[in-house]
Amino acid sequence: MMDKPTSPGMYFGADAAGYADAIRGYIDNEIYSSKYYELLARKAPSGKRKQTILKMSQDEIKHAKKLATAYFLATGNHYFSQPPGLYNRIPPFRIALRERFKEEYAASAKYSKTAEETDDSLLQELLGSLAQDERRHAAELQEMIEESI
Ligand SMILES: [Fe+2]
C-alpha cells in the first residue's frame with residue numbers, strides 16, 4: 001500500500017522534526033569535515049590526492065546543504081553553522097587520514113542508525129544516501145593510506 005503524502009510523520013514531517021537536535025549536530029559535523037578536508041588538501045603530497053580530498057570537502061558541504069534543507073522542511077527553521085577555525089588543528093597527513101577514516105565510518109554508522117529508526121521516508125532516503133557517501137570517503141581514505149605505506 002502506498003503511503004499518503006499527508007500521512008503524519010512522512011516526507012520531512014513530524015517524525016523528521018523529532019530529529020531536529022540530531023540533524024543540527026549532523027550539519028555541524030558536515031561543515032567541520034568540509035573545512036578539515038579543505039585544509040588537509042593543502043598538505044596532500046600529490047595533485048591526485050589533493051583533488052580527491054577537495055572533492056570530499058565539496059561532498060561534505062553538499063551534505064550540509066541537503067541536511068539544512070531537510071531541517072527547514074521539517075521544522076520551518078533555518079540552521080547552518082559557521083565553518084570552525086581549525087588552522088592549527090590538522091595533524092600530519094597520514095595521521096589525519098587515519099583520523100578521518102574513523103570519523104567517516106562513525107558518521108556513516110550514525111546516519112544508518114537514524115535512517116533505520118525514523119518512520120519518515122524522505123529522511124530515511126537522505127540519510128541512507130549520506131551513509132553511502134561517507135563509506136565511500138572512508139574507502140578513499142583507506143586507499144590513500146595504502147598508497148603512502
Ligand atoms: Fe558528509
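View 1. Helix α3 covers residues 47-75, and its 29 residues should span 42 Å at 1.5 Å a residue; the end C-alpha atoms are 42 Å apart, which agrees. The expected span is 1.5 Å times one less than the number of residues. Helices are DSSP runs of H or I with at least four residues, strands are runs of E with at least two, and both are numbered from the N terminus. Just after α3, G76 takes a positive phi of about 80°.

This is a predicted model, in which local features need pLDDT of at least 70, side-chain atom pairs count only at pLDDT 80 or more, and totals for chains, interfaces and linings use all residues. Residues are numbered from 1 along each chain as its sequence is written.

**View 2. The buried residues of α3.** Among the buried residues of α3 are I53, M56, E60, H63, L67 and Y71. A residue is buried if 20 or more other C-beta atoms, placed from the backbone, lie within 10 Å of its own. An α-helix has 3.6 residues a turn, so residues three or four places apart point the same way. The buried residues of α3 pack against α1 (14-17), α2 (20-41) and α5 (121-148).

**View 3. Helix α5 and its cover.** The 28 residues of α5 reach 41 Å from first C-alpha to last, close to the 40 Å expected at 1.5 Å a residue. Buried positions in α5 include L123, L127, L130, E134, H137, L141 and M144. The cover over the buried residues of α5 includes α1, α3 and α4 (93-117).

Key: A residue is buried if 20 or more other C-beta atoms lie within 10 Å of its own, exposed if 12 or fewer, and partly exposed in between; C-beta atoms are placed from the backbone. Two residues are in contact if their C-beta atoms, placed from the backbone, lie within 7 Å.
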